[in-house]
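These are my notebook entries on a structure that I looked up piece by piece.

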Amino acid sequence: MEANMAINYAKLFNRRVTPQSQPIPGSTQVRNSAGGYSWEVDDWTRFDRFLILGAEGGTYYIGERDLVKQNHDALVRCIKADGIRAVNRIVEISDAGRAPKNDPAIFTLALVVTHGDASAKAQAFANLNKVCRIGTHLFHFAEYVNAMRGWGRGLRNAVGHWYVDRGAEDLAHQAVKYQQRDGWSHADLLRLAHPKAPSREHEAVFRWMLTGADSLGEREVKRKVRGEDRIAKYAAVGELPKLIEAFEQVKRATNVIQVGKLIDEFDLPREAIPTQWLNEVAVWEALLQRMPMTAMIRNLGKMTSIGLVQPFSDAAKLIVRKLGDETALKRARIHPLAVLIAEKVYAQGKGEKGSLTWKPVPKIVDALDAAFYATFQNVEPCGKPVLLALDVSGSMGGGSVAGSCLTPREASAAMALVTAATEEEYHIMGFSNRFIPLNISPRMRLDDVVKRISNLPFEATDCALPMIWARENAVNVSALITYTDSETWAGNIHPAQALRQYRSEFVGDAKAVVVGMTSNGFTLADPNDRGMLDVVGFDTTAPAVIADFVRD
Ligand code: CA
C-alpha cells in the first residue's frame with residue numbers, strides 16, 4: 001500500500017512541463033479536435049480567420065458543415081458585441097483584397113444585416129458596394145440574405161443603391177459580364193429593389209436587364225420571392241450603352257472575324273462570347289489584349305491548350321509582361337493564393353477538373369512564381385534570425401485552404417517562403433512528432449515545393465518540437481514562427497512551456513508566432529504571453545505583420 005501512496009504530486013501539478021494530452025494546470029486551455037490541449041482564439045481572431053480562410057472544405061478533423069456552424073456562432077457573437085467594428089473589419093479585409101475569396105466577407109455582411117442592431121445594419125447597407133463590388137458578389141449576398149431574413153425596406157434600398165450609385169457604362173459592364181449566379185439575376189434584384197433610374201441611360205439598362213433586348217415597350221415581369229409577387233417597370237426612353245449593343249450583336253455573329261472585331265472595338269469580356277467561339281485562337285487572341293488580370297490568370301491553361309500561348313509567341317510575352325506588373329497585380333486585388341493555385345495547375349499541364357491538357361510554357365510558370373511574392377503587402381525584413389517551423393503532420397495534409405486545391409500543408413510551405421525570401425537569417429524545418437527533412441528554399445519554384453510537400457507521410461503532431469530543437473541545439477533565434485492548425489497532442493511538454501524553457505536559457509525575449517492555417521478555433525499561443533502572436537495564414541498582410549512583431 002505504501003508504494004501506491006507515493007503519488008508524485010509535483011509531477012501531476014507542474015506548470016512548467018505538462019504533457020499535451022493534459023491542460024497546463026491553472027490555464028484556460030481547452031481540448032482540441034485531436035484530443036490534445038491548446039488555447040481557444042478569441043472571437044475577433046476567429047472572425048479574421050473566417051474572413052480570410054473561410055470554412056469551405058472543412059479541416060482534417062472538422063467537417064465543412066460543423067466548421068461553418070462553429071464560425072457562424074463566433075461571428076454572431078462579434079456582431080452582437082460590436083456590429084460597427086464587425087462591418088469595418090469586413091470592409092477592411094474585403095476591400096484591400098486580403099482574403100483569397102470574397103465569399104466569407106459577403107456571408108458575414110449578410111449575418112450583420114440579419115443579427116446586427118440598427119446602427120450595424122445601417123453601416124452594412126452603407127458599405128454594400130465596397131464588399132459586393134461586382135454582380136456575382138451581389139448575387140451571393142442576395143442568396144445568403146434570402147436564406148436568413150426577409151426583404152425589408154432597408155435591404156431593398158441598399159440593393160437599389162448598388163444599381164443607382166454607379167454609372168450606366170459600369171452597370172452595362174456588370175450586366176454583360178455577370179449575368180446570373182446561384183439562381184439570381186439582375187432582373188430578380190431590380191424587381192425586389194425597384195430603384196428609380198437616375199438617368200435615361202440607367203433607365204435603358206434597367207429595362208434591358210429586366211426584359212432583354214427583344215422586348216418592345218413596357219413589360220411587367222414577376223418573380224415570387226418569399227411568397228410575394230413583385231413587379232418592376234422601366235420605360236423605353238434612353239439608348240442602350242454600346243457594350244450591350246455589341247453583346248446583342250455577338251450573339252448573332254456568324255464568323256470568327258465578326259466576333260474578333262466586336263471584342264476589339266467594344267472590349268467585350270469572355271463571359272459575353274457564345275461558347276461556340278471559345279475554342280478559336282483568334283477569339284482568345286482578341287480577348288487577351290485587354291483581358292483583366294484575374295481572367296488571364298484563370299485562363300492560362302485554356303490559352304495554352306488551343307495553341308495561342310507557346311514559346312516565343314506574342315501572347316506568352318504579353319502574359320509575362322502583365323504578370324510582372326506589380327502595380328497592376330495589386331490594383332486588380334490578385335491574391336497570392338490565386339497565383340499559387342494557378343502556378344500549381346498550370347505547371348502540371350492539366351486542369352483539376354475536366355479533361356483540358358496543355359504543354360506548360362516554363363517562362364509563364366516563372367512569371368507566376370515571381371507574381372506570387374509580389375502580391376503580398378510589401379515586407380520590411382525584421383533583420384533578425386528566425387526559425388520557420390512547418391507543421392507537416394497528417395492533419396495538415398487534410399482539408400483545403402479557402403476551398404482551393406491546396407492543403408494547409410502545401411500552402412504553409414509557400415507562406416514560409418515569403419518570409420524566407422525577405423530575411424537573411426532563417427532556417428526552415430518540418431516536423432510532425434519527429435523532424436521531417438524538407439529541403440526547400442525560396443530559390444525553388446513553388447510548384448516544385450508544393451509537389452515535394454504533398455507526398456509526406458501522415459504522422460502524429462508535437463508542436464513543441466521547434467522550441468525543443470532551438471534549445472537542444474543552443475541556437476539564438478529571435479522568433480519561432482510555426483505554420484500549423486494548432487491540433488497538437490503528441491508531446492510531453494506544451495509549446496508555450498517549451499518556449500519559456502528556451503527563453504530562460506537562451507534568448508530571453510524570443511517571440512513565437514502562430515500562423516493559423518485553418519479556421520478552427522485553436523492556437524498554440526498563450527493569450528497571457530505578450531511575446532506570442534496569432535496571425536492568419538494567407539492574409540496578404542501576414543508576412544509584414546510577422547516581421548513588424550519580431551522587429552519591435
Ligand atoms: Ca496534426
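**Entry 1. Asp170 and its partner.** I began with Asp170, which is partly exposed at a relative accessible area of 31%. I take buried as under 20% relative accessible area, exposed as over 50% and partly exposed as in between, with a 1.4 Å probe and protein chains only. Asp170 forms a salt bridge with Arg166, and the closest N and O atoms are 3.4 Å apart. A salt bridge here is a side-chain nitrogen of Lys or Arg within 4 Å of a carboxyl oxygen of Asp or Glu. Arg166 counts as buried, at 12% relative accessibility.

**Basis of the entries.** The model is predicted, so I note that local features need pLDDT of at least 70 and side-chain atom pairs count only at pLDDT 80 or more, whereas totals for chains, interfaces and linings use all residues. Residues are numbered from 1 along each chain as its sequence is written, and side-chain values use heavy atoms, with hydrogens and water left out.

**Entry 2. Other salt bridges.** How many salt bridges does a search of the whole structure find? I recorded 24. Side chains of opposite charge can pair when their charged atoms come close.

I then looked up Asp48, which forms a salt bridge with Arg89; the closest N and O atoms are 2.6 Å apart. Asp48 lies in helix H3 and Arg89 in helix H5 (residues 83-95), so the pair ties together parts that are 41 residues apart in sequence. Helices (H or I, at least four residues) and strands (E, at least two) are DSSP runs, numbered from the N terminus. Asp48 is buried, with a relative accessible area of 15%, and Arg89 is buried as well, with 19%. Salt bridges that share partners join Asp48, Arg89, Glu92, Arg98 and Asp539 into one network.

Lys69 forms a salt bridge with Asp73, with 2.9 Å between the closest N and O atoms. Both residues lie in helix H4, four residues apart, about one turn of the helix. An α-helix has 3.6 residues a turn, so residues three or four places apart point the same way. Lys69 is partly exposed at 48% relative accessibility, and Asp73 is partly exposed at 28%.

Entry 3. I noted two domains: domain 1 (1-61 + 375-445 + 453-552) and domain 2 (291-334 + 336-374). Their bounds come from an automatic or database domain assignment. The domain centres, taken over C-alpha atoms, are separated by 32 Å. The contact (heavy atoms within 4.5 Å) takes 17 residues from domain 1 and 21 residues from domain 2.

Which residues touch the most other members of the largest nonpolar core? Among its 157 residues, they are Tyr163 and Phe538. Domain 1 and domain 2 both give residues to this core, so it lies between them. A nonpolar core is a set of buried Ala, Val, Leu, Ile, Met, Phe, Trp, Tyr and Cys residues joined through side-chain atoms within 4.5 Å. Not counting residues up to four places away in sequence, the residues that Tyr163 touches include Leu138, Phe139, His186 and Met209. A second, separate core has 25 residues, among them Trp39, Phe431, Ala464 and Ala470.

**Entry 4. Helix H26.** In helix H26 (residues 495-505), I listed Pro495, Ala496, Gln497, Ala498, Leu499, Tyr502 and Arg503 as buried. The buried residues of H26 pack against helix H25 (465-472) and against strands E2 (37-40), E10 (479-484), E11 (511-516) and E13 (532-536).

**Entry 5. Loop residues.** Thr407 lies in the loop between strand E7 (386-391) and helix H23 (408-422). Is Thr407 buried or exposed? At 15% relative accessibility, Thr407 counts as buried. Apart from its neighbours within four places in sequence, Thr407 is in contact with Met396, Gly397, Gly399, Ser400 and Val401.

I placed Asp82 in the loop between H4 and H5, where Asp82 is partly exposed at 33% relative accessibility.

**Entry 6. Gln249.** Gln249 sits in helix H14 (residues 242-251) and is partly exposed, with a relative accessible area of 39%. From Gln249 to Leu262, 13 residues apart in sequence, the C-alpha to C-alpha distance is 8.1 Å.
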